[in-house]
Amino acid sequence: MVERAGRRGTWWMVGLVVLAVAAAGTTYSVLGRRAEEPATAGPPSPPVTRPSAAAGSSGPPGDKRMLAEIDAVLKTRASAVRTGQLAQFLQHLDPQNSALRRRHQQLFGNLRKLGLRHLSYRREGGWVPEPQPQHGSEARAFRVMMLVQVTGIDPAPRFVPLGYTFAERGGRWLLVDDDDLAGEQDRGTYREPWDLGPIEAVRGPGVLVVVPANERANGRRLVGEARRATPAVRAALKRSPAGVLVIAMADQRSMDTGWQTGGHPAAAVAVQNFSPVTAAATRFEVTGSRVVINPTERTKADRFLLAHEFTHAAMAPLGGKAPTWLVEGLAEYVEFRLTSRHGDHQRVADRRRTLLRQAIPAVRRLPTDNDFRGAYDEQSYGVSWIVVEYLADEYGISTLNALYADLARGPEDAAARERALRQHLDTSEAELVAAVKEYDG
Ligand SMILES: [Zn+2]
């Protein structure tokens with residue numbers, strides 16, 4: 001349910017409808033290793049959800065001064081992280097709130113470990129600050145846009161939503177709390193890894209793995225797995241993600257409770273990164289993906305799982321409107337190709353044979369987005385894999401890539417998809433389904 005709402009729901013972003021995308025999942029159930037766990041990651045929060053009032057220059061002069069001071073505080077904090085000045089980072093925190101100070105000292109250390117190319121904070125201009133009387137009569141919570149870019153990983157600064165509460169203490173506007181807006185519905189329930197205690201960051205080619213501070217060995221292991229997954233993705237797709245942040249925390253809050261399907265939490269999710277495309281940050285585009293591994297899977301996640309998620313990451317910048325059968329089928333295809341060549345060939349062959357014998361003969365149409373889980377019960381992933389494997393065998397990866405790119409741009413309606421099949425494959429959906437039934441692997 002959440003998957004559908006997340007994936008296909010529409011979110012308003014400054015007048016633009018932005019589709020929630022980012023499919024993800026794992027596939028091991030089919031191979032009997034664990035439950036198939038596709039999931040989707042929602043979009044970033046719409047930066048503007050409320051009418052503008054206090055944000056503009058039309059407010060009372062006191063508001064103008066307050067906003068200017070708050071903006072200056074945000075600027076100082078960003079520059080403190082960039083230059084490694086802890087005292088500067090903490091200087092605008094409420095001196096009486098020791099828990100907040102400890103939290104932000106940790107945050108500072110964590111952000112420094114990531115190796116950032118860019119960090120900035122900006123107030124979300126169109127949002128009315130929310131009174132927070134528990135921090136004093138004048139205290140107000142602001143939505144703040146954190147823009148963070150990891151060196152060598154993110155092609156652009158990614159948008160991270162924050163809720164910061166400021167209050168005037170002794171004539172100065174200070175940050176007095178950082179979770180008063182945590183319950184905002186569009187924020188999701190997950191937390192960024194740097195907010196979850198001390199971290200370590202382990203780098204590899206095109207990958208940065210973030211783990212709890214005492215799990216560096218697992219970070220190094222995951223870098224090793226990623227080193228095997230990335231070439232497999234590139235070889236299969238003739239493309240690969242620019243860089244991927246892999247999050248493998250022990251804290252369950254690193255996963256959104258909505259990243260699940262069929263009642264099971266996802267084993268891993270490729271979560272799309274949104275970056276502003278306009279200076280005013282009124283429009284966003286997908287510039288990459290990060291991979292969040294379920295804490296329960298973090299020590300087991302392997303190159304095959306990563307190949308699946310890296311496929312999503314590689315394809316995500318093309319757009320979010322490709323049909324789910326193609327999104328997941330392609331990730332399965334890349335993963336099983338790697339499994340077959342450098343893992344358990346027999347298991348993949350057995351799985352293919354079972355699908356061709358049992359599930360494919362019953363197929364009447366391609367799995368649809370809305371009932372991806374329902375159309376063929378638990379076989380949607382398997383059926384999609386077979387369809388994509390057939391397409392790759394029959395038409396080649398460049399045609400498949402061109403079809404994907406076309407479909408990913410949208411629109412999502414059935415007629416447009418039928419046109420794309422006709423254009424790239426010279427076939428209709430019905431003819432494609434008929435051809436897949438003849439496919440013998
Ligand atoms: Zn997936």
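This is a dialogue on how to read selected features of a predicted model.

Me: Which residues coordinate the zinc ion?
Reply: Donors are N, O and S atoms within 2.8 Å of the metal (3.2 Å for Na, K and Ca); water is not among the atoms, so sites may look incomplete. Here the zinc ion is held by His308 (NE2), His312 (NE2) and Glu328 (OE), at 2.1 Å. The donor residues follow the spacing H-x3-H-x15-E in sequence. Distant parts of the chain are linked by the pair of His312 in helix 6 (residues 303-315) and Glu328 in helix 7 (residues 324-342), 16 residues apart. Helices (H or I, at least four residues) and strands (E, at least two) are DSSP runs, numbered from the N terminus.

Me: Are His312 and Glu328 buried or exposed?
Reply: Buried means under 20% relative accessible area, exposed over 50%, and partly exposed in between (1.4 Å probe, protein chains only). Both His312 and Glu328 are buried. Thr354 is partly exposed, because its relative accessible area is 33%.

Me: How many bridges join strand 15 and strand 16?
Reply: Two strands pair if DSSP finds at least two bridges between them. Strand 15 and strand 16 pair in the antiparallel sense over 9 bridges. In this pairing Val271 stands opposite Arg290 in strand 16. Strand 15 is mostly covered, with 8 of its 9 residues buried.

Me: What does Val286 touch?
Reply: Contact means heavy atoms within 4.5 Å. Leaving out residues up to four places away in sequence, Val286 touches Gln272, Asn273, Phe274, Ala316 and Pro317. Val286 is found in strand 16 (residues 284-293). With a relative accessible area of 17%, Val286 counts as buried. The C-alpha atoms of Val286 and Gln272 are separated by 6.3 Å, although the two are 14 residues apart along the chain.

Me: Which strand pairs with strand 9?
Reply: A general point on strands comes before the case. In a regular strand the side chains alternate between the two faces of the sheet. Strand 8 (residues 158-169) pairs with strand 9 in the antiparallel sense over 5 bridges, and Thr165 stands opposite Asp177 in strand 9. The two strands form a hairpin with 2 residues between them, and Gly170 in the turn has a positive phi of about 60°. In strand 9 (residues 172-177), 5 of the 6 residues are buried, so strand 9 is largely enclosed by the rest of the structure.

Me: Where do Ala281 and Asp426 lie?
Reply: Ala281 lies in the loop between strand 15 (268-276) and strand 16, and Asp426 is in the loop between helix 11 and helix 12. Ala281 has a positive phi of about 55° although it is not a glycine; Asp426 also has a positive phi of about 55° and is not a glycine. Ala281 is buried, at a relative accessible area of 5%, whereas Asp426 is exposed, at 60%.

Me: Which peptide bond is cis, with omega near 0°?
Reply: The peptide bond from Gly410 to Pro411 is cis. Pro411 sits in the loop between helix 10 (397-409) and helix 11 (414-425).

Me: How many cavities of 30 Å³ or more are there?
Reply: Rolling a probe the size of a water molecule over the atoms shows where empty space is left. On a 1 Å grid over the protein atoms alone, a cavity is a set of points where a 1.4 Å probe fits but cannot get out; lining residues have an atom within 4 Å of a point. Grid points are joined across faces, edges and corners, and a volume is the space filled by probe spheres set on the points. The count comes to 4 cavities of 30 Å³ or more. The second largest cavity has a volume of about 50 Å³.

Me: Which residues line the second largest cavity?
Reply: The lining consists of Ile360, Val363, Leu366, Val383, Val387, Val433, Val436 and Lys437. Helix 9 (380-395) and helix 12 (429-438) are the elements that give two or more residues to this lining, and the largest share, 3 residues, comes from helix 12.

Conventions
Residues numbered from 1 in each chain as written. Predicted model: local features only at pLDDT ≥ 70, side-chain atom pairs only at ≥ 80, totals over all residues. Heavy atoms only, no water. 1 Å grid on protein atoms, 1.4 Å probe; cavity = no way out; pocket = protein on both sides within 12 Å on 5 of 7 lines; lining within 4 Å.
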